[in-house]
Amino acid sequence: YYYSVDTAANTEANKNLAIKVDTAAPATFTLSSPADNSWTTNQKPTLIWTAATDTSSGIANYVIKIDGANDQTVSGATLSTVTATTLTEASHTWQIIAIDNAGNQTSSLTRTVKVDLANPIATISAPANNATVNGLVTITGTASDTNFANYKLEYGAGASPSSWTTITNPTTPVTNGTLGAWDTIGLNGDYTIRLTVNDNAVKSTTATILVHLDNGVPATTITTSPAAADGANGWFKSATTITLTSSKPGTTYYQWDSTGGAWTTYTIPFAAQQGNHTLYFYSKDALNNAETAKNQAVKVDTVAPGATTLSTPADNSWTMNQKPTLIWTAATDTSSGIANYVIKIDGANDQTVSGATLSTVTATSLADGSHTWQVVAVDNAGNQTASATRTIRVDRTSPTAMITAPANDAIVSGLITITGTASDTNFANYKLEYGAGASPSSWTTITNPTTPVTNGTLGTLDTNVLGSGDFTIRLTSTDSAANTATMSILIHIDTVPPTTTLSTSPITPDGTNGWFKSATTITLTSSEPGTTYYQWDGTGGAWTTYTGALAAQQGNHTLYYYSVDTAANTEANKNLAIKVDT
C-alpha cells in the first residue's frame, strides 16, 4: 500500500499491489511403500509417501519418476499416493519430486521395486503317481524360480487330505534332484505328497501325487505262566516262563535289559530271569517289515529276604517307656528288595513300617509287664522272613525312697546312722549322698549299694569330718527300668561344744581375802541349748543337773561344772573356788 503528498499538501489516494516471494524449497519428505528392494506381482503398484510441506507458497504438485524418467505429475498439496504406470517384469527405481507454487523443488531418496510375473516351477518326478512304496521314500523333482524363496514338501492321509504334515521346508532350490526323504514306517494306505514352491513375490506353484503305502508290520504279544503276577507289586514269586507270539509269519527276536546286544531268535517258551528285568522283543514279517521293538518288565523273586537281627532293646531288658524304640539290623533282599517290616508285639501285628532301609520304630503303647516283640521282613514280591523273638519288660512304677532318721531339720553331730527304705519289686540300686547347704551344687556319695533296704539302715555319716553347718542328705532309689524316686532331708551339724559361764550374787566377794561374808547364790549359763551339770569338791561323784540358781556352800569349796548341747557336744568341765563365811 502506498501514496504521495506534494509541497502544497495535496494528497494522493493510496494504491496497493500483491507481491509473492518464496525462495525456500519444500521440506524433505520420505517414501513409505513399497519397501525398498521389495518384490511385487503387481505391474501397477501403489506408490505411497509422506506429504511434503512448504511454509511459503505451498505444495503445487508431485512429479513421479520411474527409472529416472518422469512417469506422471500429480497435483495436490496433500496428496501422497499414486498408482504407477505399467511396469515391466524387472527391477525399477522410483522417486518423488515435490514442487511448490513458486517452482521450488525437493527430491526424495530413490527406492527400488522389483516386479515378478512368472510362477515358480514345481514338479515331482519320483515316486510315480499311484506308486506303491514303503519304508524310507526318497522324493525327487524340481523346485525352482528366478526369484526363489523356499519350497515345502508335505504329506497327508487320503486323496484329499484334511491336514498336512511337513516333510521338509528348505530355502535352497532343487532342479531334477532330491527334494526330501519321507520315513513312512508305521503308515499304511493312500497318502498324497504335495510340493509347494514359493518365490519372493509371494507367488506359489503346487504339484501333488498319490502313493499307496504298505508298511504293515507284525504285532508281537507276550504271555507268561503264571498268567499274572502271583506276588505283590507286580512281582512273580514262583518260577515263570514267557511265550512270544507274532501276528504274521516271520521271525521273532528278544534280548534282556537292552537293545544294544545280540538278539536271540525266539523258538520256544523260555524261563524269566530272577530279579527285576526288562524283556525287549520284536518280529519281522516275510516282506521284512519290522515291528518296533517292544519291552515289558518281568519281575521275578522266588527267594525270601534274609532274616533281620533284633538289636535294641536287649532281650529280657527293662524299660519305663510305654512306647520303647525298637531297633533292628535292616534285612537284605537281592531280587525285589525289602518293601516293609511288620512289627509283632506278643504275637499280634502291632504296625507296618515302610522303607527298605528303615530299621527303627516306636512301639505302640505297652502295658506294664513282660512282652515279646518280633520283626517280619517283607520283600516287594510279598516273600516274608521273621526274626527271632525277644522279650521286653515294661515297668512304669517308681521305686520307694524314704528317709526316716534323722528327721528333717534335725541337729546332729558325730557319727549318725541314716535309716529308711529304698526298695522296689524290680530293684536295681540306691544312692545315699550329701551336699553342702539346702540346695547343694555338688554331691558326695555316702554309699551306693545294689541291695534294697526296708525300714533299716541305709548308711552312716561321720559329721565330724564335715564341720558345723547345714547339709542336705539325698536318697535316690532306682529300679531296673531306670525309674527313680528321690527324698532329701536337711540336717544341721553342730560339732562345737557349748561354753558355760558362772556368775555369783554378790558379783564379787564382799568380805576380805576373797571371802563372801553374806549368803551367796551361783548362776550357770550355757552358750547353747542343752543341759548343764555340776558337783562340789570333785568330779568323781554324781553330777547334778543344773535347773536354776543354787546356794553356795558355807566354807571354802570348789564347784565343778560343764554343759552338753542338743547335738551331744560336751564341754570340758570347769571349776571355781567359792569361799563363803557368813
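User: The radius of gyration is taken over C-alpha atoms, and the globule rule is 2.2 Å times the number of residues to the power 0.38. What radius of gyration does the chain have?

Analyst: This is a predicted model, in which local features need pLDDT of at least 70 and side-chain atom pairs count only at pLDDT 80 or more, while totals for chains, interfaces and linings use all residues. Residues are numbered from 1 along each chain as its sequence is written, and side-chain values use heavy atoms, with hydrogens and water left out. A compact globule of 582 residues would come out near 25 Å. The chain has a radius of gyration of 62 Å.

User: How many strands are in the chain?

Analyst: Helices (H or I, at least four residues) and strands (E, at least two) are DSSP runs, numbered from the N terminus. The chain has zero helices. Its strands number 50.

User: What share of the contacts with a separation of 6 or more links residues 24 or more positions apart?

Analyst: Contact means heavy atoms within 4.5 Å. Among the contacts with a separation of 6 or more, the share from residues 24 or more positions apart is 61%.

User: Is proline 305 buried or exposed?

Analyst: Proline 305 sits in the loop between strand S25 (294-300) and strand S26 (310-312). Its contacts beyond four places in sequence include Thr332, Ile338, Val378 and Gln384. Buried means under 20% relative accessible area, exposed over 50%, and partly exposed in between (1.4 Å probe, protein chains only). Because its relative accessible area is 5%, proline 305 is buried.

User: How far apart in space are proline 305 and isoleucine 522?

Analyst: In sequence, proline 305 and isoleucine 522 are 217 residues apart. In space, C-alpha to C-alpha, the two are apart by 100 Å.

User: Which residue has its backbone oxygen 3.2 Å from a polar atom of the side chain of serine 477?

Analyst: Serine 477 belongs to strand S41 (residues 469-479) and is buried, with a relative accessible area of 0%. Leaving out residues up to four places away in sequence, serine 477 touches Pro399, Ala422, Phe427 and Tyr430, among others. A polar contact is a pair of N or O atoms within 3.5 Å; within protein, one must be able to donate a hydrogen and the other to accept it, and residues adjacent in sequence count only if both atoms are side-chain atoms. At 3.2 Å, the backbone oxygen is that of threonine 400.

User: Which residue does a cis peptide bond join to alanine 126?

Analyst: Omega of this bond is about 0°.

User: What is phi of valine 202 near?

Analyst: Valine 202 lies in the loop between strand S16 (189-199) and strand S17 (204-213). Valine 202 counts as exposed because its relative accessibility is 76%. Its phi is positive in a residue other than glycine, near 65°.

User: What is the positive phi of alanine 482?

Analyst: Alanine 482 is in the loop between S41 and strand S42 (484-493). With a relative accessible area of 43%, alanine 482 is partly exposed. Although alanine 482 is not a glycine, its phi is about 70°.
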